[in-house]
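I opened my notebook on a new model today and wrote down each thing as I looked it up.

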Amino acid sequence: MLRRILAVPVGLIAGIICITIVEKIGHQLYPPPAAAGSGDMEAMKAYVATAPFMALFFVILGYALAAFVSGFTASKISNNGKHMSAVICGIIFLLITLYMMMSLPTPIWFWVLGIAVWGLVLAGSSVALKTRKI
């Protein structure tokens, strides 16, 4: 039971680490203005509205990697042969993503991909379940 409870927070932490790493790489290649990184929401909105495609696409890449890793990690830790922990991680990340997309002026393609990538938790979960030791 403890494994199933810990599976979700550990899966979320693994996903957050993935997002952070990929977004840091994206910020190295496409640096945001200093004001956008200082917590100024208006500066962040202005940056997102004019950001190059690849700057925003790095966020989607981070989400995709996070979804897969989160689903894999949660299913491996829960070790119950089900996708439930991975799905919970995906739902939590999806809700956070929707909140962020509603707060910032993101383009339609970002909405479509930003929602769709969280389905990759099931791919990560499936890989974890197939490699499960009996």
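I placed Val10 in helix α1; helices here are DSSP runs of H or I with at least four residues, strands are E runs of at least two, and both are numbered from the N terminus.

A note on what I am reading: this is a predicted model, where local features need pLDDT of at least 70 and side-chain atom pairs count only at pLDDT 80 or more, while totals for chains, interfaces and linings use all residues. Residues are numbered from 1 along each chain as its sequence is written, and side-chain values use heavy atoms, with hydrogens and water left out.

Next I asked which residues Val10 touches, not counting those up to four places away in sequence. I found Thr73 and Ile77, a contact being heavy atoms within 4.5 Å. Ile77 is 67 residues from Val10 along the chain, and I read 8.2 Å between their C-alpha atoms.

I then followed α4, which has 26 residues and spans 37 Å from its first C-alpha to its last, close to the expected 38 Å; the expectation is 1.5 Å times one less than the number of residues. Just after α4, I noted a positive phi of about 50 degrees at Asn79.

Stepping back, I counted seven helices and zero strands in the protein chain. Of its 134 residues, 37% are buried. Residues 24 or more positions apart make up 80% of the contacts with a separation of 6 or more. The C-alpha atoms fill a box of roughly 50 × 25 × 25 Å along the principal axes.

My last entry is on the largest pocket, with a volume of about 560 Å³. A pocket is an open set of points on a 1 Å grid over the protein atoms alone, where a 1.4 Å probe fits, with protein on both sides within 12 Å along at least five of seven lines; lining residues have an atom within 4 Å of a point. I listed 24 lining residues, and Glu23, Val59, Tyr63, Met100 and Leu104 lie nearest the centre. Helices α1 (2-29), α3 (41-50), α4 (53-78) and α5 (84-103) each give two or more residues to this lining.

Note on methods:
Buried means under 20% relative accessible area, exposed over 50%, partly exposed in between (1.4 Å probe, protein chains only). Grid points are joined across faces, edges and corners, and a volume is the space filled by probe spheres set on the points.
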